[in-house]
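Please read each numbered point with the model in view.

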Amino acid sequence: FHFLLDTGVKETILFVSSTDSIALKNQEPITFYGMGTDQGVSAVLSRNNNVVVADALQDSLHNLYVFKGEDLAIANEVGFPVNGILGSRFFTDHAIHMDYVKKKITVFPKGFALEERFSKYKQLPLTIIADRPYIHTGVTLFGELKELKLLIDMGNSDPLMLFAFLMDSLTIRPPFVEEYIGRGFNGAVYGKRNRIKGFEFGGEQIRFPIVSYPDSNSVYHTKLVKGRLGSIGNQTLQRFSLVFDYPNKRLFVKKNKNL
């Protein structure tokens with residue numbers, strides 16, 4: 001199977017079509033909620049499955065959330081055949097190096113000396129809440145520097161997403177466009193997009209990024225962590241070499257040639 005690797009999702013999700021024949025263990029019907037303007041999506045929770053990644057990492061007690069693929073059509077959004085989403089369970093126990101330039105993922109054994117291997121990287125503290133990584137960083141919004149709590153979201157393709165409806169002092173200034181932002185588990189996400197002066201990530205300035213601002217009704221069903229005001233997405237993350245170290249709550253960051 002081909003999986004989208006996503007730090008913004010806790011669960012492991014599998015898409016199936018109505019014509020697929022697949023044996024699921026310990027099935028339990030559930031309703032799944034996420035971003036989007038529709039109601040919750042029906043799914044099946046299958047417990048205690050065996051999942052193997054790269055013939056090296058194995059979890060024999062893995063929970064799968066199974067959706068009918070045609071209900072989500074995520075492959076149309078990604079432009080690549082996707083059978084599911086591998087979420088935070090992949091990151092929980094080991095340090096993971098994401099090299100966007102070489103298109104390579106390296107998983108390190110427990111106790112590996114990351115400080116020696118990545119001595120030239122900048123270390124950032126991570127806050128891990130419900131198995132998802134958050135950082136605090138400075139964002140310059142229309143001349144004012146704000147310190148914001150943001151989710152590091154590899155499943156979001158935008159450089160930066162902000163929840164303007166949670167920020168009383170923020171007015172989205174023109175020029176902006178109102179448009180379709182993307183697709184969440186609860187359907188289409190609509191909102192605004194514009195550019196801001198910049199924000200800081202990994203000791204570097206991301207200058208004049210495009211920012212998406214989803215409407216509040218698109219985020220209505222999402223259970224937001226207290227204080228979270230947005231996400232840093234993949235158009236930012238791909239400009240860095242990253243080492244996620246969930247066990248020690250830290251992120252190693254170094255700019256690459258894409259910056």
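1. An open sheet with mixed pairing is built from 6 strands in the order E1-E6-E2-E5-E4-E3. Strands (E, at least two residues) are DSSP runs, numbered from the N terminus, and two strands pair if DSSP finds at least two bridges between them. At the edges stand E1 (3-5) and E3 (27-32), each with a single partner strand, so one side of each has no neighbour in the sheet. On average, and with direction ignored, neighbouring strands of this sheet are turned by 35 degrees against each other; the axes are lines fitted to C-alpha atoms, and angles run from 0 to 180 degrees between N-to-C directions.

2. The model is a predicted one, in which local features need pLDDT of at least 70 and side-chain atom pairs count only at pLDDT 80 or more, while totals for chains, interfaces and linings use all residues. Residues are numbered from 1 along each chain as its sequence is written, and side-chain values use heavy atoms, with hydrogens and water left out.

3. Within the sheet, E2 (residues 12-16) and E6 (residues 84-86) pair in the antiparallel sense over 2 bridges. Leu-14 stands opposite Gly-84 in E6.

4. A further set of strands deserves attention. Strand E11 (residues 132-141) pairs with E16 (residues 198-201) in the antiparallel sense over 2 bridges, and Thr-140 has Gly-198 in E16 as its bridge partner. E16 and E17 form a hairpin with 2 residues between them, and Gly-202 in the turn has a positive phi of about 60 degrees.

5. Which residues touch the most other members of the largest nonpolar core? Among its 36 residues, they are Leu-160, Phe-201, Leu-242, Phe-244 and Leu-251. A nonpolar core is a set of buried Ala, Val, Leu, Ile, Met, Phe, Trp, Tyr and Cys residues joined through side-chain atoms within 4.5 Å. A second, separate core of 13 residues includes Val-9, Phe-15, Val-82 and Phe-185.

6. The structure holds 13 aromatic pairs. Rings of Phe, Tyr and Trp (its six-membered ring) pair if their centres lie within 6.5 Å; planes under 30 degrees apart count as stacked, over 60 as edge-to-face and the rest as tilted. The rings of Phe-91 and Phe-244 are edge-to-face, because their centres are 5.4 Å apart and their planes stand at 70 degrees. Phe-91 lies in the loop between E6 and strand E7 (95-99) and Phe-244 in strand E20 (residues 240-245), so the pair ties together parts 153 residues apart in sequence. Phe-91 is buried, with a relative accessible area of 0%, and Phe-244 is buried at 1%. Buried means under 20% relative accessible area, exposed over 50%, and partly exposed in between (1.4 Å probe, protein chains only).

7. Ring pairs also link Phe-108, Phe-112, Phe-118, Tyr-121 and Phe-252 into a cluster. Both Phe-118 and Tyr-121 are buried.

8. Is Arg-193 buried or exposed? Arg-193, in strand E15 (residues 187-195), is buried, with a relative accessible area of 15%. A polar atom of its side chain lies 3.2 Å from the backbone oxygen of Ile-181.

9. By contrast, Gln-39, in the loop between E3 and strand E4 (41-53), counts as exposed at 58% relative accessibility.

Note on methods. Helix = DSSP H or I, 4+ residues; strand = E, 2+ residues; numbered from the N terminus. Polar contact = N/O pair within 3.5 Å; in protein donor to acceptor, adjacent residues only side chain to side chain.
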